[in-house]
Amino acid sequence: MIQFHATTICCVKRPDGDIAIGGDGQVTMGETTIMKNGAKKVKKIYKDKVLTGFAGSVADAFNLTEKFENKLGEHAGNLKRAAVDLAQYWRTDKAMRNLEALMIVADAEDLLVISGNGEVIVPDKNVVAIGSGGNYAYSAAVALYENTDMDAETIVRKSLEIASNICVYTNNNISVEKLGEDQ
């Protein structure tokens with residue numbers, strides 16, 4: 001079965017509340033064909049207070065994002081409660097258990113990864129990246145985060161650019177969403 005994959009999402013949260021999430025625009029069919037160059041895989045949800053980005057099978061990721069938005073509504077925007085509720089649902093629902101996707105979600109308080117195994121992960125650092133080029137973007141983002149005063153958006157953009165120069169499943173058509181004072 002041929003699947004469409006959307007890859008490489010990076011999120012950075014600065015201590016001053018500056019938060020940005022970005023993704024490349026490439027959607028790949030199977031292992032050899034680029035189907036789209038300008039997909040948008042990051043967005044603001046829940047009254048523009050939550051950032052989300054996905055990597056993995058495109059249809060699965062859209063399904064997961066929609067279910068997460070519903071959980072946020074059920075929990076009045078409480079990110080952790082919505083993520084845990086979604087993870088519990090993910091583990092117990094037969095159709096959900098087969099989803100091949102990862103999500104990064106962030107708000108003013110929390111930065112989380114929701115995994116394809118129905119896990120909620122709080123990263124050790126205020127930097128996280130997922131997808132095919134995730135390790136490249138993560139390495140670049142950590143280096144920039146720890147060694148510069150760059151804002152979150154600049155770190156996310158630069159990290160994704162670096163990943164796009166290394167990973168064949170990541171392109172440089174980058175879209176970014178942010179939270180913080182100077183959105």
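Modeller: Let's start with Tyr-46, which sits in the loop between strand E6 (42–45) and strand E7 (50–57). Strands, like helices, are DSSP runs numbered from the N terminus (at least two residues of E for a strand, at least four of H or I for a helix). This is a predicted model, where local features need pLDDT of at least 70 and side-chain atom pairs count only at pLDDT 80 or more, while totals for chains, interfaces and linings use all residues. Residues are numbered from 1 along each chain as its sequence is written, and side-chain values use heavy atoms, leaving out hydrogens and water.

Colleague: Why is Tyr-46 called partly exposed?

Modeller: Buried means under 20% relative accessible area and exposed means over 50%, with partly exposed in between (1.4 Å probe, protein chains only). Tyr-46 has a relative accessible area of 22%, so it counts as partly exposed.

Colleague: And what makes its backbone worth a look?

Modeller: Tyr-46 isn't a glycine, yet it has a positive phi of about 45 degrees. Most residues other than glycine have a negative phi. Ala-76 also has a positive phi, about 50 degrees, without being a glycine. You'll find Ala-76 in the loop between helix H1 (58–74) and helix H2 (79–92).

Colleague: Is Ala-76 buried or exposed, and how do you know?

Modeller: Its relative accessibility is 60%, so Ala-76 counts as exposed.

Colleague: What makes you say that strand E2 is largely enclosed?

Modeller: Five of the five residues of E2 (residues 9–13) are buried, so the rest of the structure largely encloses this strand. Both faces are covered: Ile-9, Cys-11 and Lys-13 are buried on one side, and Cys-10 and Val-12 on the other.

Colleague: How do you know which strands E2 pairs with?

Modeller: Two strands pair if DSSP finds at least two bridges between them. E2 has five bridges to strand E3 (residues 19–23), running antiparallel, so those two pair. Cys-11, for one, has Ile-21 in E3 as its bridge partner. Strand E11 (residues 127–130) is joined to E2 by four bridges, also antiparallel, so that counts as a pair too. There, Val-12 stands opposite Val-127.

Colleague: Why is the whole chain called as compact as a globular protein of its length?

Modeller: The chain has five helices and 12 strands. Its radius of gyration is 15 Å, close to the 16 Å that the globule rule gives for 183 residues, so it is as compact as a globular protein of that length. The radius is taken over C-alpha atoms, and the rule is 2.2 Å times the number of residues to the power 0.38. Buried residues make up 51% of the 183.
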